[in-house]
Amino acid sequence: MEGRFFPNKAALFMMLLTVCIAPTLVKGQGTRVGFYSSSCPRAEAIIRSTVQAHFKSDPTVAPGLLRMHFHDCFVQGCDGSILIDGPNAEKTAGPNRLLRGYEVIDDAKTQLEAACAGVVSCADILALAARDSVFLTNGRSWAVPTGRRDGRVSLASDTANLPGFRDSVDVQKKKFADLGLNTLDLVALVGGHTIGTGACQLFSYRLYNFTNTTSSGADASIDPSFVSQLRSLCPQNGDGTRRVALDTGSPSRFDASFFANLRSGRGVLESDQKLWTDASTKTFVQGFLSGQGPTRLDFNTEFAKSMVKMSNIGVKTGTNGEIRKICSAINA
């Protein structure tokens, strides 16, 4: 990965940002690309270099930041509420307890406050860090509209609408539709599982006594050879916190191989594998597989579009919200 953000490539990087997706897709609800161009010109560069520095020492921060942005947007909108500390804050909810990368956001915020105090929101830092994480794992970059303000509410009780690993496709589609995201957005964004891992406790129930329709007792939708592989990694009554790659083809590279896994019955999470067995989502999975099926789709392009769309869910702009001084705490 080294060398992808050398200073002499800054112009090329900015060019990539502006051409990756159509201009009509980079503005919404008061956000716009280049929001900090006058108020804090180095904002995106500071965030980018911070993510890169942490990524060099710990590549797992990339999927962590991407997932954190997703979880932030699905609760109270993309307002950085996932970052707030507190005994009953969002980050304490079950689906959020394994999130990681908070130290990256805090580091970037410290540097931004030194460069231009009280200007750049934590919500925008997270949105930009998620984009940079994808780029660092060999995905394509995109222009991120900025101008979000930070929320003042963070409650674990508000996380019920986060997609779950046992959700049926209908439930997944409803949760996405409730936030203005369609079925293509669903499949594209779940494709973010091409990087990162899942804890054994999230899927080991599929491996043991799941059904009586297979001789092994495992979920019939899992390829039998993959069952053996997963059982060796997650033995019955073993360490539920052990982590397993969600994309066995290229777990550290952002690409479409995740969808090939689904086609082969090698989806780790039950909710992911169901995208192949349900006709309404299978057509898009096929589209991402080298243009197969009735719909030919480029994963990187559609992922970028869906990320921009998601990043504008319930954003706070203008006089709504605040610009936190510390990302983990609401201003006094």
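**Entry 1: a term to start with.** I call a residue buried when its relative accessible area is under 20%. I keep that cut-off at hand, because T194 has 0% relative accessibility and so counts as buried. A friendly reminder to myself: what I am looking at is a predicted model.

**Entry 2: confidence.** The pLDDT averages 91 over the protein, and 90% of the residues score at least 70.

**Entry 3: the annotated site.** Which residues does the UniProt annotation "binding site" cover? I found T194, D247 and D255, and I noted that the entry is unreviewed. They are spread over 62 residues of sequence, yet they cluster in space, with a largest C-alpha distance of 9.6 Å.

**Entry 4: T194.** I located T194 in the loop between helix 7 (183-190) and strand 3 (197-199). What does T194 contact, once neighbours within four places in sequence are left aside? My list reads D247, S250, P251, R253, F254, D255, S257, F258 and F299.

**Entry 5: D255.** I then moved on to D255, which sits in the loop between strand 4 (243-245) and helix 9 (257-263). Is D255 buried or exposed? Its relative accessible area is 18%, so I wrote it down as buried. Not counting residues up to four places away in sequence, D255 touches T194, D247, S250 and F299.

Conventions. Residues numbered from 1 in each chain as written. Predicted model: local features only at pLDDT ≥ 70, side-chain atom pairs only at ≥ 80, totals over all residues. Heavy atoms only, no water. UniProt positions renumbered as here; feature names shortened; annotations may be inferred. Helix = DSSP H or I, 4+ residues; strand = E, 2+ residues; numbered from the N terminus. Buried < 20%, exposed > 50% of the residue type's maximum accessible area, 1.4 Å probe, protein only. Contact = heavy atoms within 4.5 Å. pLDDT = per-residue confidence, 0-100.
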